[in-house]
Amino acid sequence: MSPDIRDEAVEMWFGPQHVSAHGWAAKLTVVGDFIVECDPHAGYFHRSAEKVLEFRTFKQGPLVLERMCMLEAFLAEYPYISAVEQIAGVEVPERAKVLRTIMMEASRIHSLQFWWGQFSAELGLFAMTLWPWVDREFFLDTFEELTGSRHAVSFSTPGGVRYDFNEKVLKKLDRALQRLEQHLPKFKDMLLRSPTFRMRTKGIALFSYEDALRWGLSGPNIKACGVPMDLRKDWPDLNLAYDLVDWEVPVVDNPDHPGQSDAYDRMVQRFLEVETSINIIRQLLPQIPEGPIVDPKARAKTNRLPAGEAYGRVEGTRGVTTVWLKTTEKAQTPYRAKIRGPCFASYYSLKHLVPGSTFADFIVVFGSLDPYPGWWDR
Amino acid sequence: MNALLLQLFDNIDIIGWLRGIPDWIHGIIVWVYTLAVGVFNWAWGVFVWAWNLALDNWLLLFKAIVFPGLVFVLMLIIFDVWFTRKVWGRVQARRGPFHIGKYGGLQIFADAIKLISKEIIIPRGAKRWMYRLLPSFLLLVVLTPFAFVPWTSEWVITDLSVSLVLVFAFLTAVPVISLLTGWISGSKYTLVGGFRAASNQFAAEIPLIVSSVGPALLAGSLSVLQISQAQTHLWYVVLLPVCFVTFLVSAVISIGLVPFDAPVADSEVIFGWRTELSGVYFTLTYFAEFAKQVLYSALIVALFFGGEYGVPGFPPFLNFFLKFLVVLFGMIIVTSSFYRIRQDQIVKYSWRYLLPLSMLNIIVALLVLAYVPGLAGILAGGG
């Protein structure tokens, strides 16, 4: 930035009281209609989750984790549970593995539906916000039927799951999936084929695979560059049931800019993610085996853990979510729990992506990366 | 020196001067009394004159205040707010207002009472008098052109030979007020919104006026009433379909409705130039936006859809009003089904497409008029 430009520059705070900024704020330096500098600030959503985890037992821990991101509660709580299972050496019954996988994919669908709506509201079409949210209600109903809660589900537990499927849950899940399958082509038309949507998203926030790797992006943001990077395939978790399913990692390969992705590609990618998740659930539903849902010894085994450390990871909706857990001998609480959320990287990549774009496009750049404040304030 | 003073006092009759004081006071009182009576008589004369004028022109007064005038327009705006919210609700898979009154009809009154009774918070950096005056000016400027809307040939408040030009002259002041409101509100976001509003008008105004040239040319008049009266046999939308579309789109840009609502884009600039307005001032600007929507819908009916002419046998006002409702509904549907486009895209697309298209349609219509025999005879106003 040359000194002349700096003379005309105006500093504008986007947030924390901006209607689009829920729990975050970015300092933008604006020249005319163009942003020349973006300084994202974290800390407006901070609830000291990592410190809190040090005072919670291993069965209470997942409840803190799922409050990090309420939209993907089934996925968010899993890395911690996975780490505890690894340290305690708990076996997970087959039925629990399948149930976990189904609910994690349902959670992914519901989170992505929320994002379509949020992104559409940021782009000014409120109709497309509410239509996916109507369908999302059916998934929330399923969660309520299963666990008694719509968001804070606390479904998984070390050694299995806490709630079993019954006829009602299966019926509601099937209804939610059917409704979504029925409406998905409409949503695609409304978003991907809408000329005004294309005008706003094509060529916005373009970055390459190498950039994405350097900034630490993961999940749909990097898959939209045409690289099938997915923890579900790359690091098969034996306590989940992805090996029972025949599926491919969805990637977008845009011929206009191979190896790169813009906001439009990332929207296409998130549609593919939903289709993959529906495919996985549809294949798993007939394969649910009979048997117990939780290892009966797990409760006693996870009261106090042996000394050790473990690394639990999951492919979340927004990218790789991991928890690193270190325990001391016979302790009731972890010595240290380090959470790695996917959105810290995507939030701070705004620093590189935003300069040069117009003021109006800032929220499009932000929204296309799908960051959730809970994941960067830990 | 002393001798001079003594000589001076000798020449003045002090006692005589004191004797004259009552007369002097009386003179002043009589003068003041006469003045007051004169002023009162003058004011009374003005009142009597105005009273007689009102009685002589009671129809005009009734028109200006009650039927196609203030009360009717305000009711129409309230209806428009309700209608917009209801249609938007249906488009967005919800029900819209339905709690207060039948089908939520009284919800708008409840909202208005709430907004008017709210505390007015004026930011520290704002210019207080401008902040208080500008929203009222905005509503005034938007309501004045309703005087020229020909609901029927009788029920029009007034008509001038240049009323079409006057309508646009009044509406041009709207973005100036928006820009000033943004400027004096003492916030960066309102300033951005104000400049966006000005830019919107800059993009839309010329296509808007050029599109309205078509009907004016065909009718051979610049009066809105005469243009609508000239369409007895043929609606101008038949000859000028593209002009109608460009007029509609530029009207939507000028109002700042959804595909072009960058001036008040909530996800980008919070509420644009209206961010810092509160209470009754916000209500005034909110009403002004809907008033513009109603005004443009009525103008479209008058310019392109034959005004009061429609189904034969129907009352003329009903003809106009039904067409008005259809146009309003179309406008609301259009504005509820697009994503917001960027400010530079608005200017680019309206200059690149709207302006040439509207000009082209006028030229083609004139050529058709010249080469199709008998068509000029159908147009009552002459070509």
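## Helix pair in chain B

Helices α12(B) and α14(B) are roughly antiparallel to each other (angles over 145 degrees count as such). This is a predicted model: local features need pLDDT of at least 70, side-chain atom pairs count only at pLDDT 80 or more, and totals for chains, interfaces and linings use all residues. Residues are numbered from 1 along each chain as its sequence is written, chains are lettered from A and ligands numbered from 1, in the order in which they are written.

Helix α12 of chain B spans residues 241-255, and α14 of chain B spans 279-304. Their axes come within 10 Å and cross at roughly 165° (axes are lines fitted to C-alpha atoms over the stretch in contact, with angles from 0 to 180 degrees between N-to-C directions). The crossing of α12(B) and α14(B) is right-handed (the near helix is turned clockwise from the far one by less than a right angle). From α12(B), the contact uses B:F244, B:F247, B:L248, B:A251 and B:I255. From α14(B) come B:E289, B:K292, B:Q293, B:Y296, B:I300 and B:F304 (contact: C-beta atoms, placed from the backbone, within 7 Å). These residues divide into 8 nonpolar, 1 polar and 2 charged (Ala, Val, Leu, Ile, Met, Phe, Trp, Tyr, Cys and Pro are nonpolar, Asp, Glu, Lys and Arg charged, the others polar).

## Contact between the chains

Chain A gives 25 residues to the contact and chain B gives 24. On the chain A side, β1 (10-14), α6 (94-122), α7 (127-147) and α9 (195-201) each supply at least two residues (helices are DSSP runs of H or I, at least four residues; strands are runs of E, at least two). The chain A side splits into 16 nonpolar, 6 polar and 3 charged residues.

## Sheet in chain A

Three strands of chain A form an open antiparallel sheet, in the order β1-β2-β3. Strands β1 and β3 (34-41) stand at the edges with a single partner strand each, so one side of each has no neighbour in the sheet (strands pair with at least two DSSP bridges). The twist averages 25° from one strand to the next.

Strand β2 (residues 25-31) of chain A is joined to β3(A) by 7 bridges. A:V31 has A:F34 of β3(A) as its bridge partner.

A:S154 is not a glycine, yet its phi is positive, about 40°. A:S154 sits in the loop between α7 and β4 (156-157) of chain A. A:S154 counts as buried because it has 21 C-beta neighbours inside 10 Å (buried: 20 or more; exposed: 12 or fewer; partly exposed: in between).

B:Y103, also not a glycine, has a positive phi of about 50°. B:Y103 lies in the loop between α5 (70-91) and α6 (107-116) of chain B. With 13 C-beta neighbours inside 10 Å, B:Y103 is partly exposed.

Conventions
Angles under 35 degrees count as roughly parallel, over 145 as roughly antiparallel, 65 to 115 as roughly perpendicular and the rest as oblique. Two residues are in contact if their C-beta atoms, placed from the backbone, lie within 7 Å.
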